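Hi,

Here is the structure I promised to pass on.

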Amino acid sequence: MNVNNGNLPAWLPESLREDPKKAGILGALVLVLAVLVIRYALTGGGPAVAQGAASAAKKQDKQKTSSTASAAGTPNVMQASAAAKDWLKEPITSVSRNLFVIRPEYYPSQSSKVAQREEKITGFWEAVEKSQSQEADQKKRREILVENLQFEAAKLQLQSTVMGPEPQAIIGGSLVKEGDVVASDGPRKGVQFRVLKVEARRVIIEREGIRLELRMHQ
C-alpha cells in the first residue's frame with residue numbers, strides 16, 4: 001500500500017514516515033513531555049524544592065527565636081549572679097542557738113510513748129468495763145421491775161371474757177375493754193395496767209413496755 005508521506009518531516013525515521021498514525025502519537029507524547037518540563041522549570045524544582053525551602057525558613061525562624069530568648073534571659077542570669085556575689089560579700093552572722101543541743105520535747109523517749117500507749121489501753125478497758133457494768137445494772141433493774149409487775153398482776157383476777165365486735169373482760173368485778181386501765185388489788189394498791197388485747201379466756205395487759213398475761217382459772 002502506498003502512503004503519501006510528503007507532509008512529514010524528512011528527519012523522522014522512514015518507519016514513522018510510512019505510518020502517519022505512529023508519527024501522530026509520538027508527536028503528542030513529545031508535546032506532553034515539553035509541557036511537563038516547562039511546568040517543572042516554572043515551579044523552581046517541584047514540590048520537594050518548595051518543601052525544602054519552607055523547612056529552611058522555619059529553621060531560620062526557630063534560630064532567631066532561640067537567639068532572642070537567650071538574649072532576653074541573659075540579663076536575668078547576670079542579675080542572679082550579681083545577687084549571689086553580694087550575698088557572699090555580706091558578713092557572717094552568729095547563730096543565736098546551739099545547733100548541737102537536743103530538745104527533749106521534740107524527741108519523746110520510748111518509755112513515755114509506752115506509758116501513753118498503756119494509758120490509752122487502760123482507759124479503753126475501763127470504759128468497756130464501765131459500759132458492761134451499766135448494762136448489767138440496767139438488766140438487773142429490768143428483772144426486778146418484771147418481778148414486781150408480775151407480783152402485782154397476779155393480784156388481778158380474770159373472771160370472764162365476752163367476745164364480739166368489741167371484746168370485753170371482767171377483771172376484779174369490773175367490765176373493761178381494750179384500751180382501758182385496771183388497778184391491782186395487792187399491797188401496792190394503785191399500780192395500773194393497760195388492757196392491750198382481750199381474747200377467749202385470756203387478757204394481755206402492759207405497763208412500762210412489759211407485757212403480761214392474765215388467764216381464767218376456770
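The side chain of Thr161 comes within 3.1 Å of the backbone nitrogen of Arg201. Bear in mind that this is a predicted model. Thr161 sits in strand β1, which covers residues 158–162. Its relative accessibility is 16%, so Thr161 counts as buried, the cut-off for that being under 20%. Leaving aside residues up to four places away in sequence, Thr161 touches Gln168, Ala169, Val198, Glu199, Ala200, Arg201, Arg202, Val203 and Met216.

Gln168 turns up again in the strand pairing, where it stands in β2 opposite Val162. Strand β2 spans residues 168–171 and pairs with β1 in the antiparallel sense, over four bridges. The link from β1 to β2 is a hairpin of five residues.

On the helical side, have a look at α4, residues 110–153, where you'll find Phe124. Together with Ile121 and Trp125, Phe124 forms a nonpolar patch on the surface, and the three have about 350 Å² of accessible area together.

As for the whole chain, there are four helices and seven strands, and the order along the sequence is α-α-α-α-β-β-β-β-β-β-β. Of the 218 residues, 14% are buried, and Thr161 is one of the buried ones. The chain exposes about 18,000 Å², with 57% of that coming from carbon and sulfur atoms. Among contacts with a separation of 6 or more, 37% are between residues 24 or more positions apart.

Cheers

How values were computed:
Residues numbered from 1 in each chain as written. Predicted model: local features only at pLDDT ≥ 70, side-chain atom pairs only at ≥ 80, totals over all residues. Heavy atoms only, no water. Helix = DSSP H or I, 4+ residues; strand = E, 2+ residues; numbered from the N terminus. Buried < 20%, exposed > 50% of the residue type's maximum accessible area, 1.4 Å probe, protein only. Polar contact = N/O pair within 3.5 Å; in protein donor to acceptor, adjacent residues only side chain to side chain. Contact = heavy atoms within 4.5 Å. Patch = residues over 30% accessible without salt bridge, like charges linked within 9 Å, V, L, I, M, F, W, Y side chains within 5 Å. Areas by Shrake-Rupley, 256 points an atom, 1.4 Å probe, with all protein chains shown as cover. Salt bridge = Lys/Arg side-chain N within 4 Å of Asp/Glu carboxyl O. Pairing = 2+ DSSP bridges.
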